[in-house]
Amino acid sequence: MSDEASPPIPPAAVEGTTLPRIAQALNIGGYARHMLLCIGPDCCSLEEGKESWDYLKRRLKELGLANGPVYRSKVGCLRICREGPMAVVYPEGTWYCRVTPEVCEAIIQEHLIGGRPVEEHAFACNPLRMAAQPEE
Ligand code: FES
């Protein structure tokens with residue numbers, strides 16, 4: 001995992017709201033990986049998407065990873081729209097196709113826990129890079 005500190009959040013953006021407390025409850029700022037899973041309906045059926053999403057949620061909870069080192073998000077489209085359920089895991093930016101519960105388990109064990117992308121189920125990679133900071 002990266003040792004880089006998170007960029008500061010401008011206080012004016014959240015002053016007077018409950019957002020900082022919600023972010024704290026969700027461990028935003030403290031997780032190591034973020035998995036976004038598309039549940040269809042264009043890349044897969046909604047039933048297939050729901051099955052994978054329910055599996056991911058259940059397993060992360062069982063393994064004590066939810067809202068800890070792993071943050072998960074259910075999304076409606078990742079703009080690939082075929083061969084889903086589609087997923088992407090950051091910070092590596094590893095894109096996965098056909099994320100059935102079985103593939104989901106491999107991603108959990110090998111990538112989310114083990115730190116190694118599951119190459120046999122990945123089809124693209126786009127690690128995020130920090131934008132250059134303006135000179136002071
Ligand atoms: S509907 Fe899943 S990628 Fe578009």
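**Salt bridges and cysteines**

Six salt bridges are present in the structure, which is a predicted model. One of them joins the side chains of R33 and E92, with N and O 2.5 Å apart. This pair ties together distant parts of the chain: R33 belongs to strand β1 (residues 33-38), while E92 sits in the loop between β3 (87-90) and β4 (94-96), 59 residues apart. R33 and E92 are both buried.

Another contact across distant parts of the chain involves R98 and E83. The closest N and O atoms of this salt bridge lie 2.0 Å apart. R98 is found in the loop between β4 and α3 (101-113), and E83 in the loop between β2 (70-75) and β3, a separation of 15 residues. R98 is partly exposed, at 45% relative accessibility, and E83 is likewise partly exposed, at 37%.

R59 is buried, with a relative accessible area of 15%, whereas E62 is partly exposed at 47%. Both residues also take part in a network of salt bridges that links R58, R59, E62 and E105.

Turning to the cysteines, a search of the whole structure returned zero disulfides. For C44, the closest cysteine sulfur is that of C43, and the 4.0 Å between them is too far for a bond, given a cut-off of 2.5 Å. C44 is buried, with 6% relative accessible area; C97 is buried as well, at 12%.

Methods:
Residues are numbered from 1 along each chain as its sequence is written. This is a predicted model: local features need pLDDT of at least 70, side-chain atom pairs count only at pLDDT 80 or more; totals for chains, interfaces and linings use all residues. Side-chain values use heavy atoms; hydrogens and water are left out. Buried means under 20% relative accessible area, exposed over 50%, partly exposed in between (1.4 Å probe, protein chains only). A salt bridge is a side-chain nitrogen of Lys or Arg within 4 Å of a carboxyl oxygen of Asp or Glu. Helices (H or I, at least four residues) and strands (E, at least two) are DSSP runs, numbered from the N terminus.
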